[in-house]
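Biologist: Could we go through this model together? I would like to begin with charged pairs and then move on to other topics.

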Amino acid sequence: MEAREKAVTTEPLQEDPSRVLVHDLRNLIAVIVQYCELIPDETGDPDAVKADIQEIRTAAERALVLIEKIPRPAKQPS
Amino acid sequence: MTVTRDPGTASDRPHSAFTHRDIALVVDDDDQVLRLVKRVLERAGFECVTVSDGRRAHEAAVKWRPDIILLDLMLGETTGDQIMAELREDFRTRLIPVVFLTVRDSLKDKVEHLLSGADDYVTKPFIPEELVARLRAVMTRSTTTRGLNPLTGMSGNADILREISRRLANNQRFAVLYPDIDAFKSYNDHYGFLRGDDVIKTLATIILEVLEANHSGHHFAGHVGGDDFVILTEPSMAENIAEEITKRFDQAIPALYDPLDRERGWIESEERSGNILRTPLVSVSIGIVIAEAGSYGSPAAVAARASEVKGVAKRMPGSKWVLDRRRPPERFS
């Protein structure tokens, strides 16, 4: 019980935004990897493969949007 | 909340009598992840309920009574840890195994969460076969090692003992209700043990329904075995709960008799000596003890006092409850 309470209290309710960003990106990449792994089992079902590809595309597009939110270092003066 | 189907009551769980599929509740704030996990689990034969708003996870668990819960760790305005703590505090959900499914793959995270009461920890991306195997293993372990009563699925003796010990150790003031079915043996002998099981299940369902209708964060209900149950609750709610259980039990029980027995209100059996015995319909007797803070030194002492009071109740005919109004013991050991 004590250990559980400790784990709960050490978890801040408001996560650090950069941590959330990394979490969301990793989630989306995991989705992409996961759907890629499903496709070889579905070669006999073209509709299922199409649906998987659509999921991969959606996840990739969402990842691109998230990448835009990553703070970039200011350009060095040339 | 995005619950993919309308949640029903506990009695219309989708697999209850029709499909026998295990229900998995999946909580993740990403709809794509939810769709993916749902698909993997449904292919493996699970019934899947998905929730994207972590704040509604506890509510969905109460409504669906899933066999297993998969939680993400980071869920926007709440966390998987907070949800697990809520689930563990509620008697209706405390025994449901929880598996974290997350992209956080550090050893520190895994160890911390397993130590804090999670039943397993799986990282994304996962191998579908491995995820399903882990869920099945966790579910098997949880029913065998947690000592749930196999007939009612309620907490068994080990959990009852743990909960009473915890309340005593915290110097908590609480009520113990000890319900027991009267004339149960005669019913069992007359109709057979399978129909006897229906009487026990009826009482179990009534206990859970009454506790749900009288909501409190301090309820606990367990099935000691046979026709004995234990309920822990707030002292101020004890009499009302006992009253409702006896009332509902009396309403439900006639339906479990054959028409002739129901109409005349007794069952007839022949003793070895040839005497004909008439036994009235089963009823429920409840003994209530208020455990004052510091009054009892052990769960056995509380149980002994509750059993004594239940004995007093059983000496009176019909369904009834008796509250122990004697002065609490100085210190039972």
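Modeller: The side chains of Lys38(B) and Glu42(B) meet in a salt bridge at 2.9 Å, N to O; the term stands for a side-chain nitrogen of Lys or Arg within 4 Å of a carboxyl oxygen of Asp or Glu. This is a predicted model, in which local features need pLDDT of at least 70, side-chain atom pairs count only at pLDDT 80 or more, and totals for chains, interfaces and linings use all residues. Residues are numbered from 1 along each chain as its sequence is written, chains are lettered from A and ligands numbered from 1 in the order in which they are written, and side-chain values use heavy atoms, with hydrogens and water left out.

Biologist: Where do Lys38(B) and Glu42(B) lie?

Modeller: Both are in helix α2 (residues 31-43) of chain B, four residues apart, about one turn of the helix. Helices (H or I, at least four residues) and strands (E, at least two) are DSSP runs, numbered from the N terminus.

Biologist: Which residue meets Glu212(B) in a salt bridge?

Modeller: Arg65(B), at 2.4 Å, N to O. Glu212(B) lies in helix α9 (residues 193-213) of chain B and Arg65(B) in the loop between α3 (57-64) and β3 (68-71), so the pair ties together parts that are 147 residues apart in sequence.

Biologist: Is Arg65(B) buried or exposed?

Modeller: Arg65(B) is buried, with a relative accessible area of 16%. Buried means under 20%, exposed over 50%, and partly exposed in between (1.4 Å probe, protein chains only).

Biologist: Turning to the interface, how many residues of chain B are in contact with chain A?

Modeller: 29 residues of chain B contact 27 residues of chain A, a contact being heavy atoms within 4.5 Å. The area buried between the two chains is about 2,700 Å², with 53% from carbon and sulfur atoms; buried area is the accessible area (1.4 Å probe) that two parts lose on being put together, summed over both. Gln32(B), Met74(B) and Val103(B) supply 24% of the area that chain B buries against chain A, more than any other three residues.

Biologist: How many salt bridges cross the interface?

Modeller: Six are found there. Among them, Asp30(B) pairs with Arg62(A) at 2.7 Å, N to O. Asp105(B) also meets Arg26(A), at 3.2 Å. That pair runs from the loop between β6 (98-102) and α5 (107-115) of chain B to helix α2 (residues 17-38) of chain A. Asp105(B) is partly exposed at 43%, as is Arg26(A) at 35%.

Biologist: What ipTM does the predictor give the complex?

Modeller: The ipTM is 0.70, and the pTM is 0.66. Chain B averages a pLDDT of 88, and 91% of its residues score at least 70; pLDDT is the predictor's confidence in each residue, from 0 to 100. Over residues 1-19 of chain B the pLDDT is below 50, although this stretch has 44 contacts in the model beyond near neighbours in sequence.

Biologist: And where is Pro179(B) found?

Modeller: Pro179(B) is in strand β8 (residues 174-182) of chain B, and it is buried, with a relative accessible area of 0%. Leaving out residues up to four places away in sequence, Pro179(B) touches several residues, including Ile207(B), Asp228(B) and Val284(B). Asp228(B) sits in strand β10 (residues 228-233) of chain B and is buried at 16%.
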